[in-house]
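Keep the 3D view open as you read.

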Amino acid sequence: MSQILPYLPLLGEGLLITIALTLAGMVLAVVVAFAAGIARMSHRRWLRWPAGVFVEVFRGTSMLVQLFWLFFALPFFGVQLVPFAAAILALGLNEGAYGAEIVRGAITALPRGQREGAIALSLTPYQRMRFVILPQTVPAMIPPFGNVMVDLLKNTSLVSLVTVADLTFTAQMVRNTTGATAAVFGTILVLYFVVAYVLSLGSSWLERRVDPTRPARAQNFWQRVLPDRRVTS
């Protein structure tokens, strides 16, 4: 273990890059998940079909192949991405495809009467989604989204293959320099676990905050998130 002590700052820099990749990938994954998940339920074919193709392609192919395609193949079409951008795009699109099914499943599980009541109040599709559907379905999405985010964190280790200096990349550099294989990979194993555990705690905290079985706390949360809305006939 003493062999890698001088290299701990280097591993710390790699950890910061891994955290940055995770956070940026999370943001993109959530945006993609809601966009594709809602589009898959659209009555318009020009929205529903492309969203379905996107979800099936990115769920049905390896994220490593997607990463290589974005970084190595896109330049042949005149698009050159820096390694960090390619990594975020691959992580966000891949995990967003899985998140899209979470969004679609949660929304379709909402009782039909909720939608019918919103229609009876003459709400537009946008108003129904924002003020009726999402406030009731987001709490059910949080636990599976937490799993997706932990999976995204673990997948960041693949970006070292496109020269992103993340935690895995720096660990390989330290291991090649010191030869302390067990100590180096044991250290990053602990670091990955700590970050994943923090993500799990954050997901559990958010789940409790919007728990529908606690009406007062959930109501206060949504009052802060959504503006006051009065529907008039």
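Four helices, H1, H4, H5 (112–120) and H6, each supply at least two residues of the lining of the largest pocket. The model is a predicted one. H6 gives the most to this lining, with seven residues. In total, 20 residues line the largest pocket. Nearest its centre lie Met41, Pro125, Arg128, Met129 and Ile133. The volume of this pocket is about 700 Å³.

What is the make-up of the lining by class? Eleven of the lining residues are nonpolar, three are polar and six are charged.

Now turn to the packing. In soluble globular proteins, nonpolar side chains tend to be buried together. Here the largest nonpolar core has 30 residues. Leu21, Met141, Phe145 and Val159 have the most contacts inside this core. Which helices each supply at least two of its residues? They are H1 (8–39), H3 (63–73), H4 (83–108) and H6 (125–155). H4 provides the largest share, nine residues.

Take leucine 21 as a way in. Set aside its neighbours within four places in sequence. Leucine 21 is then in contact with Phe84, Ala87, Ile88 and Leu91, and also with Leu152, Thr156, Val159, Val164 and Asp166. Val159, one of these partners, is itself among the residues with the most contacts inside the core.

Another core lies apart from the largest one. This other core has 15 residues, including Leu15, Val150, Ala180 and Val195.

How values were computed
Residues are numbered from 1 along each chain as its sequence is written. This is a predicted model: local features need pLDDT of at least 70, side-chain atom pairs count only at pLDDT 80 or more; totals for chains, interfaces and linings use all residues. Side-chain values use heavy atoms; hydrogens and water are left out. A nonpolar core is a set of buried Ala, Val, Leu, Ile, Met, Phe, Trp, Tyr and Cys residues joined through side-chain atoms within 4.5 Å. Buried means under 20% relative accessible area, exposed over 50%, partly exposed in between (1.4 Å probe, protein chains only). Contact means heavy atoms within 4.5 Å. On a 1 Å grid over the protein atoms alone, a cavity is a set of points where a 1.4 Å probe fits but cannot get out, and a pocket is an open set with protein on both sides within 12 Å along at least five of seven lines; lining residues have an atom within 4 Å of a point. Grid points are joined across faces, edges and corners, and a volume is the space filled by probe spheres set on the points. Ala, Val, Leu, Ile, Met, Phe, Trp, Tyr, Cys and Pro count as nonpolar, Asp, Glu, Lys and Arg as charged, and the others, Gly among them, as polar.
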